[in-house]
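Hello,

Here is the structure I promised to pass on to you. Have a look first, and my notes follow below.

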Amino acid sequence: QGSLNRIDRLFSMLEPAGLRPNLDSYAVALQCMGRNQSPPKAILRYLQQLNSNGFHVDELFQKCLFEEDEKEMVLRAIRTVQPNYQLPPPPSPEICKFSLLQDFYSRETMVSYPKLDFSVKELQERFQQQLKVELKNTITIESVEAAKPLTPQAIKARELLGTLRSQWHDAILQALQNSKRSMARPKRLSKYSILYPYLCLLPDEEYVDIMLQILNDLSPQGESLAVLARELGSKVYDRYIIQRKLRSCQLEKVQQIYENYIQLLAKDSQPKEYLPREYWEKLVAEAGFGPSLNLKNCTWPCVLLMRLGMHMLELLVKAVKVPRNILNHRLESKPIPVLYHVYSFYSNWQVGLIKPHPIFSQILSNAAETMLTFNSSAMPMLCPPVPWTSPNFGAFVLNDTKLMRFMDETTHHQLLLEQCPLVNLHPVLDALNQLGNCAWKINQPVLDIIISIFNDKGDEKLDIPPPLSEAPKPPTAPGNSSTWSKSFKHEVFLCKKKAAEMHSLRMDALYKLSIANYVRDKVFWFPHNMDFRGRTYPCPPYFNHLGNDVTRAILLFAEGRPLGPKGLDWLKIHLINLTGLKKKNALQERLEYANEIMDDILDSADYPLTGRKWWMDTDEPWQALACCMEIAKASRSPDPAAYISHFPVHQDGSCNGLQHYAALGRDLSGAASVNLVPCGLPQDVYSAVAQQV
C-alpha cells in the first residue's frame, strides 16, 4: 500500500511539470494495484488516464518487460474492472524482406533443421551441466603443468599461501564491512557514498572472493590501475545480473523453454521446419505467463564500474599485508602491503599501475600452483547455446552477453542497434546461431604432443612459449644505481621487457592448453557475437577456433562426414597451403607436390618428434602436423572416399576488403586481382600494387 501511495504522489507531480507517465509507469502502478487488490475505482482511474495519454491496454503486454509474477498482477488489476479482458494474441512472426535473402526466408520449399548427433536425454543432461557451471560463476580447472612432480619447497610455499589467504580473506571482509558502515552514516557523505547500494547487492563473501581472485591472477609485472578497476566493477555487475535472473524467476522459464527447444536439435525427435530463433520465439509465445526473458535495462555506466572497482582496489591495497621477514627471518617482522601503486610512462602518458610485492611474487613462484580459475563465460559451452532472438538475449544460459562488442566511448553503435527493427536483424541473429550450433571436440594426439613440449621448456620456433626460467638474466649491477651507465640501464630495461613478454605469452598458452585439456573428452560449443562491422567472434576469449596455429590444430568437428571421391586430394592441397611453399602454383601442381612427398607426410604423422620432422619447417607447423595425421588415417583406410573425417579446413579470402569493393563496383580487373574470377594461377594483389608503385 505504501508503494501505491508513493506512485499516486509521483503521478500527481508529473502533469504540473509538463511530463506524462510512460507505459512502464502504468505497468508498475497496475502491478501494485493487482498485488494489493486495490478498489476498482482506483484501477479504473489509472486505466482511463492510460487511454487519455494515447496508450492501449494491450500495449502493456506487448511492449513492457516483466519480472517474477508482475504480468499476472497487471492482468489481475485489469480484470478487476474488465472481467472478460483477454490477453492480446502473440504477434504474427515477421518475415525478413531483404532482396538477397528473400528466397531463403519465403520458404516456398520447407526444409527440416539439421539434427545433432545427440538424443533429447543427452542434450538435457548437457544443459544441466552447463547451468551448474554458470551458477557458480567461476570454474577452477587443473593446469597442464600439474603433471610436474611436487618439490618440498613447493609444498611448503603452498601451505604458507593457504595460511596467508585465510588471513587476507578475513582482513578484506573486515575492511569491506567497515567501509560500508562508514558510508551508511548519513553525516559522513563522501565521493564513495554513492557506491553504498552497489556494495549491498551481493553477499559480502562474494565481493571478497572477487578481490582475492584478482590478487591471485595479478602478473609479477603488475597491471594498469584502470584495467583492474574495470575488471573488478565488471565482475560485480556480472554476478548481480545472474542474481537478478534468479530472483526474477527468469532461469526457471529458460529451463522450461530450453527443454522443449532441444526437440529441434535432438536426433531422436521429430524433424521440424524452423530455424533455432523461430522455434525459440514460438516456444516463448506458447509459454504465456511468467517473467520476460529480456531483463529491464540495468546497464551500469563505465564511470560507475570504474569507481566501484577503484574502491575495491583501495580496500585490497590497504587490507592485504604480509610480514616483511616471511622469507628472510633476519629482517624485522613488520607487516608490509602486498600490493603497491607505481607510475609508468607510455609514450607521453603517465599510467598508474598496481604491482605485487616481490615477496608475494616469490611465494607464488615457489608454490607453482596447478589450479586455474576462470569466469564461466571464458569456457566453451557444454550444450548448444541459447539462440539469439534479440540484441539482449542469447548465447549463454545465465551469463550476460552483448550481441555487439563495442568500446565504452562508442555507445552510438549500441543505440543504433537498439533502434534497428528486430526483423532487420533476423539474418544476423540466424547466422550467429548457425555458427554457435556447430559442435567441436579435441584432437587428443596433437594436444598431447603440444603439452609435452610446453612442459619441456617450450619451443619458440613452434610457437610454444618457454617458461620464465629461460628468460635472459639481467647483468650483474656495478655498485649502487646512481653509478649505472645509460647503456647498462637500457640493458636491464630490455631484460625486464623480455621477461614481461615471455610471462604474458606463457600464461596465454597455459590458459589455452589447460582449457583444451579440461574439455579433452567432451563435446562443446562456442556461442558467437559480432563487432560493429558484423564480423563474428566466438564469445570464449582464450580458446576458440579463431586462435593461433596451436589452437586451430587441436580442434576437430564433433560430427564427421565421409571425405567423398576427391576429399583426400583436397586434404593434400590444404596441407601444401599450410606449408606456404607453393603459393603461386596451380592447385594441380600443389596436389602433385603432395604426392611426391608422401613419405615425409607419413613420417611426420607416425614419428612427429623422432622422425625427419618435415612438418616443423612449414608456415603453420601444428596445423600441418594435424593434417599429416589425417591424411595418414584416410590414405590407410580401406576406402578413403568413405573415411569419416572430422578435420576442419580453415579458408581465407584473399584481401577480403578489396573483394567486397570489387564485387560492389562490378570491377572486373579488381575482381581478377583478388581471385573473384576463374584463373589458372592464384593472383596476388599486393605484388600487383607493389609493381605499379
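**What I found**

The protein's secondary structure amounts to 26 helices and 17 strands; both are DSSP runs numbered from the N terminus, helices being H or I with at least four residues and strands E with at least two. Please keep in mind that this is a predicted model, in which local features need pLDDT of at least 70 and side-chain atom pairs count only at pLDDT 80 or more, while totals for chains, interfaces and linings use all residues. Residues are numbered from 1 along each chain as its sequence is written, and side-chain values use heavy atoms, with hydrogens and water left out.

First, the overall picture. The C-alpha trace spans about 90 × 80 × 55 Å along its principal axes. Of the 693 residues, 45% count as buried (buried is under 20% relative accessible area, exposed over 50%, partly exposed in between, with a 1.4 Å probe and protein chains only). The protein exposes about 37,200 Å², and carbon and sulfur atoms supply 54% of that area; the areas come from the Shrake-Rupley method with a 1.4 Å probe, and for residues only the protein chains shown count as cover. Among contacts (heavy atoms within 4.5 Å) with a separation of 6 or more, 71% are between residues 24 or more positions apart.

Next, one of the sheets. Three strands form an open antiparallel sheet in the order β12-β11-β15, where two strands pair if DSSP finds at least two bridges between them. Its edge strands, β12 (524-525) and β15 (555-557), each pair on one side only. Strand β11 (residues 439-442) is joined to β15 by 3 bridges, and K441 stands opposite L556 in β15.

Then a residue in a helix: R165 lies in α8 (residues 152-184). Is R165 buried or exposed? With a relative accessibility of 19%, R165 counts as buried. Leaving aside residues up to four places away in sequence, R165 touches N216, L364 and E369.

Finally, the cysteines. How many disulfides does the structure hold? There are 0, a disulfide being a pair of cysteine sulfur atoms within 2.5 Å. For C420, the nearest cysteine sulfur is that of C96, 10 Å away, and C420 is partly exposed at 25% relative accessible area. For C679, the nearest cysteine sulfur belongs to C655 and is 16 Å away; C679 is also partly exposed, at 48% relative accessibility.

Best wishes
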